[in-house]
There are 2 protein chains.
Amino acid sequence: MADARRKPKSEATRRRLLDAALGLFRARGFEETTMRDVARAVGMSLGAAYYYFPSKDAIVMEYYVASQEEHAARARALLDETRDLRQRLGAVVHGKLDTVRRERKLLGALFRSAGDPEHPLSVFAPSTRGVREQAIALFDEALAGARPPVPAELRRTLAPLLWLGLLAALLHFIHDRSRDQARTRKLVDGALDLVAPLLPLASLPQAKPLIARATALLEMASAR
Amino acid sequence: MADARRKPKSEATRRRLLDAALGLFRARGFEETTMRDVARAVGMSLGAAYYYFPSKDAIVMEYYVASQEEHAARARALLDETRDLRQRLGAVVHGKLDTVRRERKLLGALFRSAGDPEHPLSVFAPSTRGVREQAIALFDEALAGARPPVPAELRRTLAPLLWLGLLAALLHFIHDRSRDQARTRKLVDGALDLVAPLLPLASLPQAKPLIARATALLEMASAR
DNA sequence: GTCTATAACATGATAGAC
DNA sequence: GTCTATCATGTTATAGAC
């Protein structure tokens, strides 16, 4: 929807702007980078920059979408490597962290809007539904393609929960000042080691009522 | 630390500003209210308002602290009523929601900074440590005063986790458009009904290694 | 119609006079 | 303590070049 039918010239300029903006955000942070800086970086006036991106947040939004696509490709490649549930979940989560590794300062800008129901850039907003659903779908695929596979009904509850867990991991990632965010990596591995072995238990008949209640809760939480 | 030793006159003006700001935030939202609006509401110049509050966020910070104190008082009153674990957890969580009920539009402003490690207003920042610790202490008290009481070691892990759960509930509360946020209330009750009966299991010897691993994980996550 | 530039506006924040 | 500039920055308006 972003780059459908545009003149190549225009597309190239837009691209230069995006790259310059992401570079500046990466180097100096989102708040610290002004739209005037971005325009100057590509030798362009402020007004011209606004012709291509209607707002500073729109640049983040574009990154958000592109980054999700990159994550999907990366995760699916990794998912082809193994059928082990624990490994597959690790592939999706670590794949995400690998994707956003250099963009930690931008992630903050994304989370900034999470608490604002009106904000179009919020990870919970209707406008970002596509990205969100694709991310959840990745967890669903990880569960579905495992051997033995996680049943579809359980996946419908589990996949969104795992996505929420991923958000939490990203939040930790942003705040993590250990070298290469090694702490977050360990935390993720520890959490998955703890949770993955429990998942098969959820298919046991004894777990049925518990699962049913959890599913109902989650449905209420995500209802509009 | 906020209102220690100040001239009564100054203190009153400050108070008028705070009240006016909160009233405007409540009525029209945080972003939609300008500092000029706030100043005008108390018949004061913009510069004068900034003499009392160094930033718009500082007003939110003051609310954050005051609101936490109100919550503590309310929760402790409720905790005196029952020794039942499930009831006590409900008292703390619903007590929080009751405290912030009218201030939903302000909560968004608080969450806005959660993803920014540099921001002094973040719920995870060093500057808000006091508020955070008091909130966690409330959960600790809820667990400790239950009959039978939750052992101290388990509480050290559980209380911060419950606080994280409260943050999630508040996030849901902000986005919740059902009348009186009834959906969030139900969600909280459902989650507590699900979790509270499981807590006694954590004291079982079989659960020991699992708990130990979870505790280690949480310690890593909160380490600086 | 596609692109670019300049000016102006609103708002959070600051400086300096009284 | 209070006020009146003034600034920086996200954003908008508008005029014109190609």
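Tutor: Let us begin with a polar contact, a pair of N or O atoms within 3.5 Å; within protein, one must be able to donate a hydrogen and the other to accept it, and residues adjacent in sequence count only if both atoms are side-chain atoms. Here a polar backbone atom of Lys56(A) is 2.9 Å from a phosphate oxygen of DNA strand D. This is a predicted model, in which local features need pLDDT of at least 70 and side-chain atom pairs count only at pLDDT 80 or more, while totals for chains, interfaces and linings use all residues. Residues are numbered from 1 along each chain as its sequence is written, chains are lettered from A and ligands numbered from 1 in the order in which they are written, and side-chain values use heavy atoms, with hydrogens and water left out.

Student: Which atom of DNA strand D is 3.2 Å from an N or O atom in the side chain of Tyr50(A)?

Tutor: That atom is a phosphate oxygen.

Student: Which elements give two or more residues to the surface near DNA strand D?

Tutor: Helices (H or I, at least four residues) are DSSP runs, numbered from the N terminus. The elements are helix H2 (35–41) and helix H3 (46–52) of chain A, together with helix H3 (46–52) of chain B. H3(B) gives the most, with 4 residues.

Student: How is the contact between the two protein chains read?

Tutor: Contact means heavy atoms within 4.5 Å. Chain A contributes 28 residues and chain B contributes 28 residues. Buried area is the accessible area (1.4 Å probe) that two parts lose on being put together, summed over both. Between chain A and chain B it is about 2600 Å², with carbon and sulfur atoms giving 68%. There are 6 residue pairs in polar contact between these chains (both at pLDDT 80 or more). On the side of chain A that touches chain B, H9(A) provides the largest share, 7 residues.

Student: Is Thr99(B) buried or exposed?

Tutor: Buried means under 20% relative accessible area, exposed over 50%, partly exposed in between (1.4 Å probe, protein chains only). Thr99(B) has a relative accessible area of 8%, so this residue is buried. Thr99(B) is found in helix H5 (residues 85–100) of chain B. A polar atom of the Thr99(B) side chain lies 2.7 Å from the backbone oxygen of Gly95(B).
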